[in-house]
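The exercises that follow go through one protein structure, and each is worked out in steps. Please look at the sequence and the model before reading the solutions.

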Amino acid sequence: MVDGNINIGEAELEIMKVLWQAEGPVNTQYINEAVEKHGWKRTTVSTFLARLVQKEAVLSEKRGKSFYYTPLISQKAYRKLQTKNLITNLYNGSVKDFALALFEEERLSSEDMDELRAIFDKED
């Protein structure tokens, strides 16, 4: 299982998005085709995949001549982990300060605020 200190870079995150959207394990060719808009060479994608395997974010399985990849952390779990790290590191663990920063930057609409209230009300 992935620990709370996993650090996935931006390019690696693009690979993870492909894996999260796939229904089951996918091979290197599938991943290369999915990220071809970035202009990465196959060797670059292979490097990103090797890093993700090393970080234990992705499982690599050899099937015949191809390698297949499966995420070991869900997108939801990764978002939660990154949000927790963001709040801990930038806002000294204060969710209130984080929300206030979003509000002060006018990034939260009244609909967003209503949605947050509904979420908090549901938790009680």
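**Exercise 1: aromatic pairs**

Trp40 counts as partly exposed because its relative accessibility is 25%, where buried means under 20% relative accessible area, exposed over 50% and partly exposed in between, with a 1.4 Å probe and protein chains only. The model is predicted, so local features need pLDDT of at least 70 and side-chain atom pairs count only at pLDDT 80 or more, while totals for chains, interfaces and linings use all residues. Residues are numbered from 1 along each chain as its sequence is written, and side-chain values use heavy atoms, with hydrogens and water left out.

Task: find how many aromatic pairs there are, and describe the pair of Trp20 and Tyr78.

Solution. Rings of Phe, Tyr and Trp (its six-membered ring) pair if their centres lie within 6.5 Å, and planes under 30 degrees apart count as stacked, over 60 as edge-to-face and the rest as tilted. By this rule there are 3 aromatic pairs. In one of them, the ring centres of Trp20 and Tyr78 are 5.9 Å apart and the planes stand at 40 degrees, so this pair is tilted. It links distant parts of the chain, since Trp20 belongs to helix H1 (residues 10-21) and Tyr78 to helix H4, 58 residues apart; helices (H or I, at least four residues) and strands (E, at least two) are DSSP runs, numbered from the N terminus. Both Trp20 and Tyr78 are buried. The rings of Trp40 and Phe48 have centres 5.0 Å apart and planes at 70 degrees, so that pair is edge-to-face. Phe48 is buried, as its relative accessible area is 9%.

**Exercise 2: strands**

Task: work out which strands pair with strand E3 (residues 66-71), and in which sense.

Solution. Two strands pair if DSSP finds at least two bridges between them. Strand E1 (residues 26-27) runs antiparallel to E3 and is joined to E3 by 2 bridges, with Val26 opposite Tyr69. Strand E2 (residues 58-63) also pairs with E3 in the antiparallel sense, over 6 bridges, and here Lys62 has Phe67 as its bridge partner. The hairpin of E2 and E3 has 2 residues between the strands, and in this hairpin Gly64 takes a positive phi near 65 degrees.

**Exercise 3: a charge and a ring**

Task: say which ring Arg63 lies over.

Solution. A charge sits over a ring if NZ of Lys or CZ of Arg is within 6 Å of the ring centre and within 35 degrees of the ring normal. Arg63 lies over the face of Tyr68, at 4.8 Å from the ring centre.
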